[in-house]
Amino acid sequence: MTLAHSLVAAACLSASALAQLNVTSLQPQLHAGNQAANTALVIDFDRAVDPATLAQIRLYGSVCGPVDGVFALELGGARVRFTPRRPFGAGEVVQVSLSDTLRAADGSFLRPQGVASSFRVAAAAAPMSFTQLASWDADPNTFARIYGAQTCDFDGDEYTDIALVCENTSDVRVYLNDADASGQYGALVGTPNVTGSTPSPNENADLDGDGEIDIVTCDTAGDSVSVLLGNGDGTFQPAVVYPMGVGPHGMALLDVDGDGDIDVMSANTGSENIALRRNNGDGTFGPVSFLGSEVSGTWAMAAGDMNGDHIVDVVVGGRFSGNVRVLLSNGDGTFATQAPRATGGQTWMIVLGDVNGDGKLDVTSANGPTNNGAVLLGDGLGGLLPAAVVPGAGQMTATDLGDLDGDGDLDWVLSSFGGGRWTLYHNNGAGVMTLQQTFFATSNPACAAILDIDRDADLDLALLDEIADTCTLMENGALDAQTLCFGDGSGAACPCANVGADGHGCANSQPTGGALLNARGRASLANDSLSFAVGGLPQPSTALLFLGSTTIGGGAGTPFSDGLLCIATPLVRRAVKTSVNGLATWGAIAGDSPLSLSGGLSASGGARFYQVWYRDSAAFCANATANLSNAVRVAWTP
């Protein structure tokens, strides 16, 4: 069923439907996968939209957080195009929300339920061969007991940071990415952020609409959730704790009533119910209300649109009943419970994703003490097909999805506490999972996080050991590139105090933090898959990729126009590109020659340095019309 049919025809073309603003198409489509990092959102309506209400259209990335961009009206105002200022992160899920206060030029409003959608960003090809880059103890002096993590860009530099959620110490600990493509992380930011007792499940969202990433933890022993509002620099305001019910083990963040604010729900095993608190619009939450879960041992929870009506639903798992139920949202805080479907074990954790590429959300389950996991394909109507169960070893505590080989489908990681291992399953494209490899833990895993630690656009792993209390980073493939020469205040200063974000070049005329150049793929003369992507460019702009054999000032660079010139002569200009939605790419794509074919590389390889120069008119420097990205060192191998 098309979006127009689901939102317009389903309303039976009644008088009230004709009096409201309706969406007729939306791109990317609901649950679309493998979307480009510079994807624009395009929404068609059945009438012109009031530009004064465009702020009621919001995008939120699971990694980048609130998405900043530019709106444009086309087709007489009946088409809205949103172009993000920065590229999305590899593999992240982007949530799209149109609130019920979006208004047409004729004064009519969108339906009361609002309109929700989502899409997933593509990940680059990778070999699924992993090398340990780093490992650290959450607290060498105390058994903090890591139980989960949020992997987001907390400080706005486009690199993924890590927030560890610790059960025994009841806190959240943030570690910022070094932002130099090394995959390394700094020390603990500040002091641990205290939560309610025994935080376990956790999610992120922009709860107060300030454009920063916030965290919510589900506090199992505290019978509560804790809301930590982010400051945008890796620190958080003191947690506000809200009682939710007895023994919450699952949690979901979603807009239950179409007002554009993110509400919170929890699955309460002690009180055998579901708790709901609605957002007041400012990151505070109203009184709790309760719904029946209709499962036994109410344990797991996840949110997603299960029937394609562009309203976010909830899936709840019962540990003792060994099943899941889909709760289809009516868009007003009430839900219609669907028939249960067995998971093949004691449902402990569930994660949603389109594993067979049919545009419908499926359910994956880690089945706790029954030592197995399951995949349940969705039928797109709110129902689930019988579970495909895979055996495990020891208590299965977590399920995670991500395209780890970059072939366009979602691979699967199961974490086994009792078995002391993480198991990675390869997806054949149809949702059939085959064991790919096993990672053995020092002690007992809690879960895994799938993330891009070095911004090379492929997905890596963070393995969280609950008993060893460690976070271990595993690089997917080779670490061929490293960032240098950028305007963060270290080394040479940007010419006109236009300091960029960590890892970026100097700031330009757009609020992107400056241009960010990253390498992806393999820098091998025999098997060259290297490519470059530069984001954060002005719209539009002309970008030139240069390479050299040496750097200026030991890599600190020297002021040049509005930026820092980082690489020294002799220089080779590779190619000129026009940016699309602030992004330009070179190499390993159709029409580009391999990057290994220039730069005077010998048969033995060696290091080369790359930087992008681009046209830009900004007020930073008198008469300056150009700027530069950061530089990237690439180690070529034979």
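Me: Hi! How many bridges join strand β22 to β23, and do they run parallel or antiparallel?
Reply: 4 bridges join β22 (residues 273–277) to β23, and the two run antiparallel. Strands here are DSSP runs of E, at least two residues, numbered from the N terminus, and two strands pair if DSSP finds at least two bridges between them. This is a predicted model, where local features need pLDDT of at least 70, side-chain atom pairs count only at pLDDT 80 or more, and totals for chains, interfaces and linings use all residues. Residues are numbered from 1 along each chain as its sequence is written, and side-chain values use heavy atoms, leaving out hydrogens and water.

Me: Which residue is the bridge partner of asparagine 273 in β23?
Reply: That's glycine 292.

Me: And what's the strand order in that open sheet?
Reply: The order is β20-β21-β22-β23, 4 strands with antiparallel pairing. β20 (248–254) and β23 (289–292) are at the edges with a single partner strand each, so one side of each has no neighbour in the sheet.

Me: New topic: is asparagine 508 buried or exposed?
Reply: Asparagine 508 counts as buried because its relative accessibility is 4%; buried means under 20% relative accessible area, exposed over 50%, partly exposed in between (1.4 Å probe, protein chains only).

Me: Where is asparagine 508 placed?
Reply: In the loop between β40 (481–484) and β41 (516–520).

Me: What does the side chain of asparagine 508 reach at 3.0 Å?
Reply: The backbone oxygen of glycine 536.

Conventions
Polar contact = N/O pair within 3.5 Å; in protein donor to acceptor, adjacent residues only side chain to side chain.
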